[in-house]
Structure formats: structure tokens, C-alpha cells
Amino acid sequence: MGEGVGPVRRRYRETAYARWQDALPGLAPLPVLCGHDLLVGGGLVFPEVNFTLPPMQVNAATLPEALAQFRQMAEGCLERVAGLHAPGVVLELEHVFEFTAQPAWGEALTAEVRAVLDRFHRQHGIPCALRVTVADIRDRVRPPRRRGGPELEDMLESFRRCAAAGADILSIESTGGKEVADPAIIACDLPAVLLAVGVLGSRDVAFLWRHITAIAGMHGAVPGGDTDCAHANTAMRLADMGYVPEVFAALVRAVAAARSLVAFECGARGPSKDCGYEGVVTKLVTGTPISMEGKTSACAHSSPMGNVAAALADLWSNESVQNVRLLGGQAPVVMTEMLTYDCRLVNAAIEAGQGAMLRDLLTRSDATLSPQAFVLAPEVAFHIARAIVTAPQDGDPDYTRSRRAAETAAEHMAVAAASGQLPLPEREARWLDRFRHALDALPVAAEELWSSVALEYPHTFLAEEYPTED
């Protein structure tokens, strides 16, 4: 596919931290220098502003208008960054389908915003960087082809063009396994989720990130990270609407952590992608910086993790906001101000030597009110991280460590519920007990699970698109 592939996958066998108490916001053992002098994870938390178009068609006729809107959004956000004396900023361009399906359009968009950032840095000297998140468009065909076909070629070409046009950080919200995960999540079928996310998803991440890492290396970009938005955030949103139990969404998140870790095992260096709430686990394992979203992502979706998500953040994001007019101005500019003030508070705590106290307060405010927030608490996340890296390597390691992640999350929720630390409604408690029994009944071999899921969800996925690692 042109540039070859990146490094062979290296599985983590230990965590970057000996104790969870050593992990702090704004600090990472392996900070990342990117863009114009922006050091992420080096002692400060920076805003990451993600903006998108208002409802409109994106086609050849409207492309000039779309590019003009992105330029205006970038200029408005950066003017506010300068006005508020922020110490740095990341702008994120998260592709809508059309900007990836037409790689030249994504290239033009990257160049447009790159020029704005370059001018801003010359004028103000404020460190800044540009993240480009290419869309996973392979689901356009069902069942999807994951390892070949025009959709994959367009994705990789979009990465190449955006990197060449000035993207500092490359990311993706990959969707491998989603064709199985979607019906499995609706059915609360935990074994099928383990296969879809833990096995199929992990294999797909490994395949993609060896290519993304190679492309980044050729163009001097940083391979940022993946996110399990496709699976775990789907479960989160369905739980918010009352369609699936919260404890189930928490278990999906634990499995997602094992899957998203694979990007780092294949060369990603962070900062991770914001809507991967599981980033707290990947930071504890890898020591790389993470981008997180929480209360300031309410402009895009609700979540029960508005504060705890910030506990270990190195970048603080708004998820995504449309270019619409609010009383305070254009929505992207308003979000820039909100993010900047949040980061100011965290940075003041770090400077005063109170980073750990703020981390713990952010955690305490959420963790006892939601199972999903509970598993993101740094202490619980550390146990999940340890379960992943110490999982046996025989058989299918992706299956084993995904299962271990889910078992650890379930055990900690059960213990906390029994002690009163995590009050669970009766319905949630019954579901948790049911899921623990389902985990106990899982087959030892991934092949057996694969066969049973294939029978339960026939014709949803192409087995040949998920081979064992090359």
C-alpha cells in the first residue's frame, strides 16, 4: 500500500506506573512534542477544540463554503486562545464522511487550517498543534471489507494527504467488529461483545495502526491513537437512554481499554483521541499522554463521567461542536473559552502541588454515582490495566486480556456495591450478577466463542477480514 507497514506489535507486559497514586493530570512519563513547540504531558493540560460544520451538504459545489467555515472557526477559536492567554492549544479536524471519501478534500481542509495555525503561532508565539482524525468509512459496505477495497484505500490515501498537508497528530475512530457489536450491545450479549470488541476489534486496530504509524513516520507526524467510540460510546449512549444497563456499558468500556491499547502496541505515541474514555487505562499502561472529554462534551452528547474523565487528562476536549450561533458567539469559540478555563484550574492545581488532590476530587464527584464513572476512577482503572498486561499469552491473548478486563471491572463493581461504595438500583444489581455468571461460563478458547457467536449472528461479518496477526 505504498509506504509499507510500521513496527511489529509489541504487547505491554507491565504498567507504566507502579501505583495509581503516581498518575496525575498534565503529566505523562512519555510526553509528546508536536506541532509548534507543544509539549503534551509535560506538566500542563491544554484545551483541544474540535469543531464541525452546521447541518449542510458537503459536495463539490459546497466545498468552498465548507472550507471557509472551517477557516473562520479556526480563526475565532485561536483569537479566543490568545485573548485568554492560554499556554497552548490543539485544534482537531474530525472528518465527516465526505472529507475521507474524497481524500483531496481532506487534504484541502488540512492545508486551510494549517495555514491559520501557522499564522497564529507567528503572531502570538503560543504553542499549538493540529490533529486530523480520518473517518473509518469501511462500514459503507455491509458486511464490511476491513483489509481491502476502495474504502480502505481512500482512508489510507486520506491519511497520506493530510499528513503531507500539515497534520501534526493522526488519529481515527476505527470500527472493526462494529457489525457484530451493534446487535450484541442491543441484546446485552456480553460474550458477543468480547468477540466483537476484544478479538475482532483488536485485530483490526493492529492492522490499521501498522499502516497509520508508517504514514506518520514518512511525513513527520505523530501517530496519536484510536478510540472505541464505535462500541463503548454506543453502549454509553444506549445506557443513558435506558436501553441497556449502566453496568453493561461499564463492562464494554473495560473491554474497550484492551482494544484501544493495541494502537500503542503498534506504534501510536499519543496524545490519544478524546472520545476514548478508556484513555485513562491506556495512560496507566503506556505512560503516553491522553486527550479526554467530559462535562464540556455535553454539546455533543451526555455522559455520567463529566468530572472523573478529567482526572488524568493531558488534553481536555469538547468532543465536537457545530458552527452555530449562541448568545455568547459562535459555538466553537464559546467551547474554546470553557475548555481554557477548565485547563486553567487544573494547571493552577498542578503548579500549587495539588494535582493529586484535584484528581481525587474530580474522581470522588462522579465515581459513586455511576458504574461507568466508577470503572474510570484511576484506582479501578489501574486494576483493569494490571489485569490486561498480566493476562496469559497462550491461546488468543486478545481474547484473554479482554476477558480479564471485563472480569476485573465486574469484580470491583460487585465489591463496591456490596460495601455501599457504589449504590446500585436493584435492576442494575441483578444485571451485574447475570453478567458475572456469563463471564464465568465463557469458553476457554477464543475459537469456541467465535463459533458460537457466528451461529448467533450469521452473515454479519466476514471472518476472512479478521485473520490472526501477520
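Start with Cys-275: its sulfur lies 4.2 Å from the closest cysteine sulfur, in Cys-229, which is too far for a bond, since a disulfide here is a pair of cysteine sulfur atoms within 2.5 Å. Cys-275 is buried, at 0% relative accessible area; buried means under 20% relative accessible area, exposed over 50%, and partly exposed in between, using a 1.4 Å probe and protein chains only.

Before moving on, some housekeeping: this is a predicted model, where local features need pLDDT of at least 70 and side-chain atom pairs count only at pLDDT 80 or more, while totals for chains, interfaces and linings use all residues. Residues are numbered from 1 along each chain as its sequence is written, and side-chain values use heavy atoms, with hydrogens and water left out.

Next, pick Cys-128. Its closest cysteine sulfur is in Cys-34, 9.5 Å away, again too far for a bond. Cys-128 is buried too, with a relative accessible area of 0%. The disulfide count by this rule is zero.

Now for the core. Select Phe-51, Leu-91 and Phe-99: they have the most contacts inside the largest nonpolar core, a set of 152 residues. Such a core is made of buried Ala, Val, Leu, Ile, Met, Phe, Trp, Tyr and Cys residues joined through side-chain atoms within 4.5 Å. Helix 6 (residues 190-219) supplies the largest share of this core, 17 residues; helices are DSSP runs of H or I, at least four residues long, numbered from the N terminus.

Zoom in on Phe-99. Leaving out residues up to four places away in sequence, its contacts include Leu-53, Phe-70, Trp-105 and Ser-158, where contact means heavy atoms within 4.5 Å. Then look for a second, separate core of ten residues, with Leu-38, Val-40, Phe-46 and Leu-315 among them.

Over to helix 14 (residues 397-419) and helix 15 (residues 426-440), which pack at about 145 degrees with their axes 10 Å apart. Those axes are lines fitted to C-alpha atoms over the stretch in contact, and angles run from 0 to 180 degrees between N-to-C directions. Which residues make the contact? On helix 14 they include Arg-403, Ala-406 and Met-413, and on helix 15 they are Leu-432, Arg-436, Leu-439 and Asp-440.

Last stop: Pro-64, in helix 1 (residues 63-83). Pro-64 is exposed, at 54% relative accessibility. Draw a C-alpha to C-alpha distance from Pro-64 to Gly-420: the two are 57 Å apart in space and 356 residues apart in sequence.

Terms used: Helix = DSSP H or I, 4+ residues; strand = E, 2+ residues; numbered from the N terminus.
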